[in-house]
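Thanks for making time, everyone.

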Amino acid sequence: MPVNTLSRPLWIILILLVCAGAMATACNTAETQKTPPPGIRTWLLVKAPENPLPLNKSVNVRSRTEDGEARVSHVELYALEVPSGETNLLIRSDPAPFDQTSFTVDQIFTPTQPGHYVIQVIGYNRRGEKSESNIISFDVK
């Protein structure tokens, strides 16, 4: 039985439409997953140095905290590990200068001992909720 030559292009068009619909759904799902959840978010804008840092040289830790609903209150810089063995040391705390939804801050500290350091930033909103950044570690010689 011969295949109708008119039906072959229709099948191809139908298959292409189904594939296009599936791809559009997949793209929309991926875009939806990229949207961050509401609430407070904090992240570092610096990366760990590739080489050891010199002793007694100031380190600039830049971070950003955002909260569109409750607004940013302040950002704290912590040394989670220092060469002396102490942990979770508050290095500095910087308040947001006004009622704002995002706050980018440069926090300076100076390592005074040679060894291994691990630091992290924690941002707070006006409700007292917090968001921790990723950690970075580095050595000082």
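What pattern does the protein follow, read along the sequence? It goes α-β-β-β-β-β-β-β-β, which comes to one helix and eight strands. Helices (H or I, at least four residues) and strands (E, at least two) are DSSP runs here, numbered from the N terminus.

Some housekeeping before the details. This is a predicted model, where local features need pLDDT of at least 70 and side-chain atom pairs count only at pLDDT 80 or more, while totals for chains, interfaces and linings use all residues. Residues are numbered from 1 along each chain as its sequence is written, and side-chain values use heavy atoms, with hydrogens and water left out.

Now the overall numbers. Buried residues make up 30% of the 141 residues; buried means under 20% relative accessible area, exposed over 50%, and partly exposed in between, with a 1.4 Å probe and protein chains only. The accessible surface comes to about 9,200 Å², and 58% of that belongs to carbon and sulfur atoms. Those areas come from the Shrake-Rupley method with a 1.4 Å probe, and for residues only the protein chains shown count as cover. As for contacts (heavy atoms within 4.5 Å), take those between residues at least 6 apart in sequence: 64% of them join residues at least 24 apart.

Let's go to the sheet. Three strands form an open sheet in the order β1-β2-β5, with antiparallel pairing. Two strands pair if DSSP finds at least two bridges between them. The edge strands are β1, at 41–44, and β5, at 102–109, and each pairs on one side only. From one strand to the next, the twist averages 20°; the axes behind that are lines fitted to C-alpha atoms, for helices over the stretch in contact, and angles run from 0 to 180 degrees between N-to-C directions.

If you want to trace the pairing, β1 and β2 (residues 59–66) share four bridges. Trp 43 has Arg 64 as its bridge partner in β2, and Leu 44 stands opposite Ser 63.

Which residues of β5 are on its covered face, and which on its uncovered one? Phe 103, Val 105, Gln 107 and Phe 109 are covered, whereas Ser 102, Thr 104, Asp 106 and Ile 108 are uncovered.

In soluble globular proteins, nonpolar side chains tend to be buried together. Here the largest nonpolar core has 18 residues, and Val 61, Phe 109 and Ile 119 have the most contacts inside it. By nonpolar core I mean a set of buried Ala, Val, Leu, Ile, Met, Phe, Trp, Tyr and Cys residues joined through side-chain atoms within 4.5 Å. β2, β3, β5, β6 (115–125) and β8 (136–140) each supply at least two residues of this core, and the largest share, four residues, comes from β3. Apart from it lies another core, of five residues, among them Tyr 78, Val 118, Ile 122 and Tyr 124.

Leaving aside neighbours within four places in sequence, Phe 109 is in contact with residues including Val 61, Leu 77, Ile 91, Tyr 117, Ile 119 and Phe 138. Ile 91 is in strand β4 and, at 32% relative accessibility, counts as partly exposed.

Last stop, the aromatics. Rings of Phe, Tyr and Trp (its six-membered ring) pair if their centres lie within 6.5 Å; planes under 30 degrees apart count as stacked, over 60 as edge-to-face, and the rest as tilted. The count comes to three aromatic pairs. Phe 109 and Phe 138 have ring centres 6.4 Å apart and planes at 50°, so that pair is tilted. Phe 109 lies in β5 and Phe 138 in β8, so the pair ties together parts that are 29 residues apart in sequence. Phe 109 is buried at 7% relative accessible area, and Phe 138 is buried at 4%. Tyr 117 and Phe 138 form a stacked pair, 5.7 Å centre to centre with 10° between the planes. Put together, ring pairs link Phe 109, Tyr 117 and Phe 138 into a cluster.
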